Structure formats: structure tokens, C-alpha cells
Amino acid sequence: MEHVPVLLNEVLRAFEESRLDVFFEGTVGAGGHAKAILEAHPEIRRYLACDRDKSAIEIAKKQLQPWWEKVEWIHGPFAELENYLMHQKIDGFFIDIGVSSMQFDEGSRGFSFRSDAPLDMRMDKESSVTAEELVNELSETELARIFFEYGEEFRSRAAARTIVMARKKRPIRTTFELTAILEPVLRKGKVHFATKVFQALRIAVNDELGQLKKGLTAAIQSLAPNGIVAVISFHSLEDRIVKWMFREDERLEILTKKPIEATREEVKKNPRARSAKLRYARKII
Ligand SMILES: C[S@@+](CC[C@H](N)C(=O)[O-])C[C@H]1O[C@@H](n2cnc3c(N)ncnc32)[C@H](O)[C@@H]1O
């Protein structure tokens, strides 16, 4: 499925009053937001397009072909922003965190419980830890903590216990093996019973919350005066981090008192937008 950028007009609005010279996008994905930002801001001189997924960068390269002179490609985690910038200040910073439709749809990467694949879940195929390693090697307590903290799964301990029992017989290698093990202990409701455990594993494998905290700290530090930092997040854990990091930083003026959410029309067209929340702020000092 083609990746449709979420809250696109709202993101453009965040930057509409800015004169952007250097822009950093940490999660370029398929390049949907990037294309719209570059179109709206012909004054951009340098557009740093970062993603830790090499295959996303290949797709974005085609999309952003008309701006090839301005775009610099960075394959890596956005939390390393300061290493890429090397003291250069930025006028805009944007991240749209989470999994892209391409990553979900590429069943072989193990993000989805809907296709049978090795338990991988790495956004960067060159990074080290896989979901399979976590599931087979972490202690029961650690697994339960991850499921509870990152997945907000109420049956986190039961899920961890059943995994540890199952792996004593043989290692758990695939998405379908994991869902079959979890099925008897997790509650069935409107959403698939394995949703929260899968989300928790993905967050742990990719250190998503650590990336967000480190990346935002570096972004705020690297912003030029009047620079804008904008973040789209997809679950409450991330949104809470963004909200508090903005609130606690005296260098920022918060421009979104409440997070901006997708309209009903957008959600109808693109269900992925349902949980998206956009917050942005301006650097004043
Ligand atoms: C929701 S998609 C972005 C889609 C993009 N805004 C567009 O319009 O096409 C999220 C992307 O962020 C990347 N990503 C997630 N966390 C990252 C991180 N810490 N560093 C770099 N890229 C990351 C993923 O690999 C994925 O390609």
C-alpha cells in the first residue's frame, strides 16, 4: 500500500510563517511530507532527509528527484542529529514517528501479526537486536515490563509467563508462532489481541522512546532562533514525552496548546491517521 502522509496540511501550517533555509526531517519515509514542504518552501537551500530504513530512502529518492540538488540523504537514526549537522543550525525540524505502511505491508519484516514471518521488526536491517532475540532471551520480568510499559498491555505478566514456558520447549521464531502462544492468555476485543504486545516489541527493538527523547533534545539545541520543531506521534507514550519536553524547555514557545488530530474525513480516507497527534513549538531564545 502506498504511504499517505498524515496531517499534511496541518504540518504545512506549522511552518507556513517561517523562512526556511536549512531543514531537517528525521523520518523521511516515502517522502510525502518532504515533497509538500519543499514545494511550499522554494527558499529551502538544504533539506536533510534522514531515515533509518534504507528501503524508505530508496523510495523517497524517486519522490524527491526534482529537488536532488537540495536534498542530502542520511541513512541512520535521527537521534544522531548533531553528528550529521556538525554545528550547522536548522530552521525547521520535523519527525513523523512510527512504522510506515511499507514497513507494515512488507510482511517479511515481522512488524505485522497478519503475515507469517521471522520475528525481526528492525526498522534498520543493519542494527543489531531483533524481536526474536528479545522474545527468546529477555527474562520474564523484563518481558512483562516491556509489554506493560510500551504496550500498556494489562495482561503483561500472563503474556510474559506463557512466552517463557513456550520457549523452554523450543525457541519462538515467527510472528504466527508468537500469536499462537499468546492467543489463550490475551483478551479478545475490537482490536487484534496481539496488537499491544507487537507494539511493545517494536518499540523495544527500535528503542523508539529513547530515540524520541535524544532526538528532540538535539533538535531543540540545534534550532536557530525562531526555528520550529514539529512532531507527529502515534501513541500516548510518545505524545506524553513530546508534551513534557516542550513544556519543560524555557527556550520554546508552544504553538499547539492541545495536540492537533486528524479530521474525520482524513481518518475515513486514511485510517492510520486515527491516532496521529501533532505538536509544534518555536524556539525563542
Ligand atoms: C510514518 S513513516 C514517515 C512517513 C513520511 N512522513 C512520509 O510522508 O512518507 C516513519 C518513518 O520513520 C522512520 N523512523 C522511525 N524511527 C526513526 C528513527 N529513530 N530514526 C530515523 N528514522 C526513523 C521509519 O523507518 C519510517 O520510514
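Two strands are said to pair if DSSP finds at least two bridges between them, and helices (H or I, at least four residues) and strands (E, at least two) are themselves DSSP runs, numbered from the N terminus. By that rule strand E6 (residues 252–254) pairs with strand E8, the two running antiparallel and joined by three bridges. Within this pair, Glu-253 stands opposite Arg-282 in E8.

The model is a predicted one, in which local features need pLDDT of at least 70 and side-chain atom pairs count only at pLDDT 80 or more, while totals for chains, interfaces and linings use all residues. Residues are numbered from 1 along each chain as its sequence is written.

Seen as a whole, the protein contains 13 helices and eight strands, and its C-alpha atoms fill a box of roughly 60 × 40 × 40 Å, taken along the principal axes. The radius of gyration, which is taken over C-alpha atoms, can be set against a globule rule of 2.2 Å times the number of residues to the power 0.38; for 285 residues a compact globule would have a value near 19 Å, and the protein, with 19 Å, agrees with this. A residue counts as buried if 20 or more other C-beta atoms lie within 10 Å of its own, as exposed if 12 or fewer do, and as partly exposed in between, with C-beta atoms placed from the backbone. Buried residues make up 43% of the 285 residues.

The domain assignment, whose bounds come from an automatic or database source, gives domain 1 (8–102 + 208–283) and domain 2 (128–205). The centres of domain 1 and domain 2, taken over C-alpha atoms, are separated by 31 Å.

Let us return to strand E8 (residues 277–283), which is largely enclosed by the rest of the structure because six of its seven residues are buried.

A parallel arrangement is found elsewhere, where strand E2 (residues 46–51) and strand E3 (residues 71–75) pair over five bridges, with Asp-51 opposite His-75 in E3. Together with helix H3 (residues 54–63), E2 and E3 make a right-handed β-α-β unit, a crossover being right-handed if, with the strands pointing away from the viewer, the path from the first strand over the helix to the second runs clockwise.

The ligand is surrounded by 23 residues, the closest of which are Pro-5, Thr-27, Gly-29, Gly-32 and Asp-53; a residue is near a molecule if its C-beta atom, placed from the backbone, lies within 6 Å of it. Helix H2 (32–40) and E2 are the elements that give two or more residues to this shell.

Leu-7, in the segment before helix H1 (8–15), has a positive phi near 50° although it is a residue other than glycine, and Leu-7 is buried because 23 other C-beta atoms lie within 10 Å. Glu-152, in the loop between helix H7 (140–151) and helix H8 (156–169), has a positive phi of about 50° and is not a glycine either, but Glu-152 is partly exposed, with 14 other C-beta atoms within 10 Å.
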